[in-house]
Every structure is written in C-alpha cells, then in structure tokens.
Amino acid sequence: MAASTAVRPADLTVDAATLIRDIEQYLADQAPRTAHPLVTKTTDQLIAEALQQPAVETVTAAPELAVPARWWRIIPDWALAITPARRLHGAGRPITVTQHLQLTALVIEQYGHHRGGLRSLSGRRCILGAQAVLYRLGYGDEETAQAAGQQMQNVLRRRGINEPYHRWNDRPERCAGDALQLIREAINASNG
C-alpha cells in the first residue's frame with residue numbers, strides 16, 4: 001500500500017490578510033439576523049425592551065480588523081498573541097466549538113497541511129497548529145480549543161484509534177485530506 005504524502009498547495013501566496021478576511025466573513029455569515037434590515041436589535045432585545053426587562057446580553061461585534069503583512073504567516077506563533085496582534089485580529093472574540101472546528105479547517109485549507117510539528121517554515125499548519133493560530137489571534141479561548149480537540153478525539157475513538165489527534169496528524173501517511181476529513185466529522189458530531 002502506497003503511503004500518502006501531503007500535497008503542497010499550488011498557491012502558497014495566501015497570507016494572514018486572506019485568512020482574517022475569510023474568518024470574519026464566516027463569522028459575519030453566522031451572526032444573528034434581524035427581521036428587517038432597518039431593525040438594529042434582535043428579536044430577543046425587542047421583546048425584553050417591550051416587557052421592560054433588562055436586555056439579553058449579546059455578543060458584541062469584533063473590532064475593526066487591520067490587514068496583517070504577509071510575514072505574519074511565518075513569524076513564530078507566540079508573536080501572534082502579543083499586543084497589538086491579538087487586539088487587531090480577534091481580541092478575544094467568542095466562537096462556538098463548531099465555528100472553531102470550521103475555522104481550523106479554513107486555516108489548513110488556506111495555509112496548507114503540515115506533519116511533524118505545529119508549523120513548517122513556510123507556514124503550513126498541522127491541526128493543533130491551526131488551532132493555535134485561531135487562539136493566538138483571539139478567536140475563541142483555550143476552553144473552546146480544548147472542546148474542539150475533544151470532538152476530534154471522540155471521532156478517532158469511534159474509529160478505534162486511541163492515540164491523541166495531534167500524534168495521529170503527525171503520522172507519515174497523513175495528508176491534508178485526512179486531517180480535513182477528521183475535522184469535518186468532528187463538526188458533524190458537534191452539530192448532531
């Protein structure tokens with residue numbers, strides 16, 4: 001049986017700006033909608049106001065994002081978490097476990113898949129490395145990332161695999177398709 005190898009994306013010019021734009025587009029598409037475009041409050045807020053109850057706390061929009069330079073893709077991950085990087089690109093924005101998983105897949109699709117470490121010198125990411133990008137840029141928190149990891153671990157257990165998902169990712173036969181399939185199965189499990 002021939003071993004699969006990771007295929008390097010044809011276009012490695014994707015930079016952090018593209019990733020941030022795609023993350024923000026995804027999150028905007030997930031935002032609650034109002035009944036009419038001129039209505040600026042959610043239905044829950046309008047009902048609470050009508051009943052003179054305190055408004056239901058809603059998640060505030062992310063700060064305006066500045067486009068990072070291309071070199072952000074290859075600088076060390078710890079640098080993503082320092083000010084102003086985190087403040088500019090997510091700033092602790094809460095996301096769900098499902099959103100975290102979907103955005104993890106997006107990072108791998110945008111940057112490419114890597115085995116044997118969190119990232120390659122060119123910026124490709126393993127599953128755990130993709131999760132680290134999201135966390136360090138301020139999308140979600142450590143608990144969200146851990147819950148997403150647990151969802152992937154549960155998928156592997158159902159397959160009869162007991163090794164941690166990050167070690168599973170690092171096996172020589174693992175490719176981007178395998179990693180993305182695991183993430184998508186975890187998404188389906190978290191929705192079902």
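Modeller: Thr-144 has a relative accessible area of 11%, which is under the 20% limit, so Thr-144 counts as buried. This is a predicted model, and what follows should be read as such. Thr-144 belongs to helix α7. Setting aside residues up to four places away in sequence, Thr-144 touches Ile-95, Thr-96, Val-97 and His-100.

As a general point, nonpolar side chains in soluble globular proteins tend to be buried together.

Apart from its neighbours within four places in sequence, Met-152 is in contact with Leu-101, Ile-127, Gln-131, Tyr-165, Leu-182, Ile-183 and Ala-186.

Next comes the pairing of α5 with α6. Their axes are 9 Å apart and the helices pack at an angle of about 110°. The angle falls between 65 and 115 degrees, so α5 counts as roughly perpendicular to α6. The crossing of α5 past α6 is right-handed. On the α5 side the contact is made by His-100, Leu-103, Thr-104, Val-107 and Ile-108, and these meet Ile-127, Ala-130, Gln-131, Val-133 and Leu-134 of α6. By type, the residues of this contact are 7 nonpolar, 3 polar and no charged. His-100, named here, is also one of the residues that Thr-144 touches.

The loop between α5 and α6 contains Arg-115. Arg-115 has a relative accessible area of 24%, so it falls between the 20% and 50% limits and is partly exposed. In sequence Arg-115 and Ala-176 are 61 residues apart, yet their C-alpha atoms lie 9.3 Å apart in space.

As for the rest of the chain, the protein has 9 helices and 0 strands. Of its 192 residues, 41% count as buried. Among contacts between residues at least 6 apart in sequence, 70% join residues at least 24 apart.

Methods. Residues numbered from 1 in each chain as written. Predicted model: local features only at pLDDT ≥ 70, side-chain atom pairs only at ≥ 80, totals over all residues. Heavy atoms only, no water. Contact = heavy atoms within 4.5 Å. Axes fitted to C-alpha atoms, helices over the stretch in contact; angles between N-to-C directions. Helix = DSSP H or I, 4+ residues; strand = E, 2+ residues; numbered from the N terminus. Parallel < 35°, antiparallel > 145°, perpendicular 65-115°, else oblique. Left-handed = near helix turned anticlockwise from the far one by under 90°. Nonpolar A, V, L, I, M, F, W, Y, C, P; charged D, E, K, R; others polar. Buried < 20%, exposed > 50% of the residue type's maximum accessible area, 1.4 Å probe, protein only.
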